[in-house]
Amino acid sequence: MDPWLTAARDNNLNARWLKVDTETLSLDLTDLEETINEKTKLVAVTLASNAVGTITDIQKISKRAKEVGAILAVDAVHAVPHFAIDRNLIGADIILCSAYKFFGPHVGISIIRKGLFESLEPYKLVPAPTNTPDKLETGTQNHEGIAAIKPAIEFIENLGTGSTRSERIVSGYKAIEDHENELANRIRNGLSAISEVTLYQTPPNILKTPTIAFRVEGVIPTDFCLNLAEEHAIFIADGDFYATTLADKLGLNDKGGWIRAGLAPYNTVEEAEKLVEAVKQVVSQAVKF
Ligand SMILES: Cc1ncc(COP(=O)(O)O)c(C=O)c1O
């Protein structure tokens with residue numbers, strides 16, 4: 001969110017926040033009408049939390065943004081590895097994501113509604129192109145990176161079936177979701193049976209990605225992850241994952257944040273079970289503070 005805050009400051013605009021519900025780990029939409037009002041120019045929201053996996057109730061936010069004529073910019077970086085996004089369905093004017101999250105190269109992607117894109121005046125050299133999409137690329141483009149996005153999309157497409165590319169991509173994502181959710185549920189069930197483990201996840205009625213954030217009582221997340229890597233050859237990350245606002249609300253900023261396990265289509269049931277067993281062992285041997 002912080003680049004939006006800088007943009008607001010530079011344009012003398014006020015930034016307002018939707019609150020986070022620390023019980024459900026989701027956005028509290030009770031104040032939606034007051035927060036997004038007739039004065040609102042732009043609504044910036046994430047589609048899924050990269051820290052705890054919560055999937056945003058984007059339809060409600062999108063509907064409100066449309067009612068007041070605000071632009072809706074959606075951060076889909078954590079969503080794109082896990083589920084298909086229909087831009088028209090979510091009513092987004094801008095979608096931002098990164099190809100490396102869906103097994104592609106380190107190339108940032110912005111999808112901008114045509115009329116809006118045409119009206120944008122990005123900072124650029126005078127002779128640089130003024131047409132879309134080139135006006136956002138003032139210099140030589142990352143051709144090899146851009147070329148490598150296509151096979152990453154085809155990887156997802158090849159996991160699906162259907163007569164059009166779009167159908168195959170949506171169906172490929174469905175296969176990814178089914179597989180990852182099955183593994184995630186195994187891990188969540190396994191971890192919730194360990195009394196020292198606290199899972200940070202939404203209740204069952206709120207959708208989430210297969211991203212499992214947890215803490216172990218009395219253990220610093222970094223120490224835990226080091227042990228898991230050194231003793232069990234399992235690499236999972238720890239920290240705040242840049243979600244410092246949520247970590248702050250949960251009082252975790254000075255406690256090392258979360259331990260976080262994420263899943264990809266190539267993970268297996270054996271790996272999910274191995275993770276749970278390894279966590280059990282590390283918990284039982286951990287030196288508590
Ligand atoms: C939700 C979210 N937004 C933005 C980013 C930053 O994307 P990038 O790594 O392409 O700068 C990340 C990266 O993990 C993310 O998860």
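Modeller: Domain bounds here are taken from an automatic or database domain assignment. The model is a predicted one, and for its protein chain the assignment gives domain 1 (2-157) and domain 2 (182-285).

Biologist: How do you know that residues of domain 1 are in contact with residues of domain 2?

Modeller: The criterion is a pair of C-beta atoms within 7 Å. By that criterion, 15 residues of domain 1 are in contact with 18 residues of domain 2. The touching side of domain 1 comprises six nonpolar, nine polar and no charged residues. The centres of the two domains, over C-alpha atoms, are separated by 27 Å.

Biologist: What does the radius of gyration of the protein chain agree with?

Modeller: For 289 residues, a compact globule would have a value near 19 Å; the protein chain has 21 Å, which agrees.

Biologist: What makes the largest nonpolar core a core, and which residues have the most contacts inside it?

Modeller: Its members must be buried nonpolar residues joined through C-beta atoms within 7 Å. The largest such set has 29 residues, and I187, A213, F214, F224 and W258 have the most contacts inside it. Helix 11 (269-285) is among the elements that give two or more residues; its five residues are the largest share.

Note on methods. Residues numbered from 1 in each chain as written. Predicted model: local features only at pLDDT ≥ 70, side-chain atom pairs only at ≥ 80, totals over all residues. Contact = placed C-beta atoms within 7 Å. Nonpolar A, V, L, I, M, F, W, Y, C, P; charged D, E, K, R; others polar. Rg over C-alpha atoms; globule rule 2.2 N^0.38 Å. Buried ≥ 20, exposed ≤ 12 C-beta atoms within 10 Å, placed from the backbone. Helix = DSSP H or I, 4+ residues; strand = E, 2+ residues; numbered from the N terminus.
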